[in-house]
Amino acid sequence: MEAWRRQLDGPVSAFPIAKAGPAHIATLKTFDPPLSALDGRGFEGARRRAKRLLFPTDDGELVLLVHLMTAGRLRYLQAGEQGPKTPALQIAFEGGARLVLTEAGSKKRAGVWLLTPEAAAAELEHLGPEALHLGAEPLAEICADESRRLHSLLRDQRVIAGIGRAWANEILHRARLSPYALSRDLTSEEVERLAAAIDAELERGLELRERGAKDKRTYRVHDALDEPCYVCGMPIARVDFEEHTIYYCPECQTGGRILKDRRLSRLLR
Ligand SMILES: [Zn+2]
């Protein structure tokens, strides 16, 4: 997300908005103020809060908030550049450039909200602190606060903002911690390792994304079933937990133990 924000920051503020819209009915989540309220205004730039991109207007009156979910993509098209036929959202700038949101697949999950700054602040209030540069001390407090399985805790945006399921896999692997480990059981040394792994992996991801790397090069553990672990060479394993699939290295993370599928074991109990 941070890589996207940096890419869009300059271009979106270059020209005033000529026409905001159309937007897909399932994508635009607000109707008051209407999208057309953006017409004639300019964006100040691109901001980010966790996985949400924010485009405040330079008069300080409105904020366009975009949540891409997993399949949404935002692109800035130069004047005359070919774009998708039916984008989920289009913002046309004076001079002909466009900002377009597309979403692969038929399910429309990405969302766009046009809000006042106050409403945007309220919308973002329930997010936890940013993951990047969180630090060991705040992380220790979070871990001690309630006992949660690490994979689920890392993904919970209300607790720590900015880590999705794929990065949770990469981070726990680097920290050599089991995805099923309970947060309250971590030693202070393990919390420090986890905090360092969060920064190292998110920074690695940011750098790769900025260079335009695809998922396959970015993720080393996530979605890498049976591929050799980049540390020990053992095959990466996977397990279903809650509604997610977790990837991990049994050698590096669980002392050789294969984790049980939590969905299945619940059914068989
Ligand atoms: Zn390993």
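Biologist: What makes the arrangement of the 4 donor atoms around the zinc ion tetrahedral?

Modeller: This is a predicted model, and the angles are computed from it. The 4 donor atoms subtend angles of 99 to 113 degrees at the zinc ion. Four donors count as tetrahedral if all angles lie between 85 and 135 degrees. The angles of 99 to 113 degrees lie within those limits, so the arrangement is tetrahedral.

Biologist: How do you know which atoms are the protein donors of the zinc ion?

Modeller: Donors are N, O and S atoms within 2.8 Å of the metal. The SG atoms of Cys 229, Cys 232, Cys 249 and Cys 252 lie 2.2 to 2.4 Å from the zinc ion, and therefore they count as donors. Their spacing in sequence is C-x2-C-x16-C-x2-C.

Biologist: Why can Cys 229 and Cys 252 be said to tie parts of the chain together?

Modeller: Cys 229 belongs to the loop between H7 and strand S9 (237-241), whereas Cys 252 belongs to helix H8; the pair therefore joins parts 23 residues apart in sequence. Cys 229 and Cys 252 are both buried.

Biologist: Why is helix H5 (residues 165-174) described as largely enclosed by the rest of the structure?

Modeller: Of its 10 residues, 8 are buried, and so H5 is largely enclosed. Among the buried ones are Trp 167, Ile 171 and Leu 172. The elements covering them include helix H4 (150-155), helix H6 (188-210) and strand S10 (244-248).

Biologist: What makes the contact of Glu 170 with Arg 204 a salt bridge?

Modeller: The criterion is a side-chain nitrogen of Lys or Arg within 4 Å of a carboxyl oxygen of Asp or Glu. For Glu 170 and Arg 204 the N to O distance is 3.5 Å, so the pair qualifies.

Biologist: Why is Glu 130 called partly exposed?

Modeller: Buried means under 20% relative accessible area and exposed over 50%. Glu 130 has 25%, which means that it falls in between and is partly exposed. Arg 49, at 24%, is partly exposed as well. Glu 130 and Arg 49 form a salt bridge, with their closest N and O atoms 3.0 Å apart.

Definitions and conventions
Residues are numbered from 1 along each chain as its sequence is written. This is a predicted model: local features need pLDDT of at least 70, side-chain atom pairs count only at pLDDT 80 or more; totals for chains, interfaces and linings use all residues. Side-chain values use heavy atoms; hydrogens and water are left out. Buried means under 20% relative accessible area, exposed over 50%, partly exposed in between (1.4 Å probe, protein chains only). Helices (H or I, at least four residues) and strands (E, at least two) are DSSP runs, numbered from the N terminus. Contact means heavy atoms within 4.5 Å. Donors are N, O and S atoms within 2.8 Å of the metal (3.2 Å for Na, K and Ca); water is not among the atoms, so sites may look incomplete. Four donors count as tetrahedral if all angles lie between 85 and 135 degrees; four count as square planar and six as octahedral if opposite donors are over 155 degrees apart and all others between 65 and 115; anything else is irregular.
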